[in-house]
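Let's take a walk through this structure together. Have the sequence and the 3D view open, and follow along as we go.

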Amino acid sequence: MPGIYTPGGETKLVKAGGAVLGVVQVIAVAFGIISALVMGMKYMFSSVEDRATIKQKMIIFVIGSVLVFGATGLIKLIANWANTVIK
C-alpha cells in the first residue's frame, strides 16, 4: 500500500485521522447545542403535563451527550498515545 509505508507516510496517516476526528467533534458539538436549544424551547413553551416527558428525554439527552463527548475524547486520547508510540 503506497503512502503509509513510505518515509513520512505515518505523518500523513496521523494528519488524516486528526482531520476526521476534528470533523466528528464539530458535528457532535453542533448537534448537541442545537438539540439542547430545541429541548429547552420545548420545555419553556409546554404545559405542565408535557414537562415531565420532556424531563425524561433530557435525562437521556444528557447521558447521550456524555457518551458522545467521552467517546470523542477517548478517541483523541488514543490517537495522541498512538502518535507518541509511532515516533
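First, a word on the ground rules. This is a predicted model, so local features need pLDDT of at least 70 and side-chain atom pairs count only at pLDDT 80 or more, while totals for chains, interfaces and linings use all residues. Residues are numbered from 1 along each chain as its sequence is written, and side-chain values use heavy atoms, with hydrogens and water left out.

Start with what the record says. An unreviewed UniProt entry marks residues 16–38 and 59–79 as "transmembrane region"; such annotations may be inferred rather than shown by experiment. In the model, residues 16–38 are 100% helix and 0% strand, with the end C-alpha atoms 33 Å apart. Residues 59–79 also come out as 100% helix and 0% strand, and there the end C-alpha atoms sit 30 Å apart. Helices here are DSSP runs of H or I with at least four residues, strands are runs of E with at least two, and both are numbered from the N terminus.

Now look at the loop between α1 and α2, where you'll find S46. Is S46 buried or exposed? It is buried, because its relative accessible area is 16%, and buried means under 20% (exposed is over 50%, partly exposed in between, using a 1.4 Å probe and protein chains only). A polar atom of the S46 side chain lies 3.1 Å from the backbone oxygen of Y43. Leaving aside neighbours within four places in sequence, S46 touches R51 and I54, where contact means heavy atoms within 4.5 Å.

Next, move to M58 in helix α2. M58 counts as partly exposed because its relative accessibility is 26%. Y43 turns up again here: M58 and Y43 are 15 residues apart in sequence, and their C-alpha atoms are 9.7 Å apart in space. With neighbours within four places set aside, M58 is in contact with M39, G40 and Y43.

Finally, the largest pocket has a volume of about 240 Å³. Its lining has 14 residues, and V14, G17, G18, L21 and A79 are the closest to its centre. A pocket is an open set of points on a 1 Å grid over the protein atoms alone where a 1.4 Å probe fits, with protein on both sides within 12 Å along at least five of seven lines; lining residues have an atom within 4 Å of a point. The volume is the space filled by probe spheres set on the points.

Definitions and conventions: A polar contact is a pair of N or O atoms within 3.5 Å; within protein, one must be able to donate a hydrogen and the other to accept it, and residues adjacent in sequence count only if both atoms are side-chain atoms.
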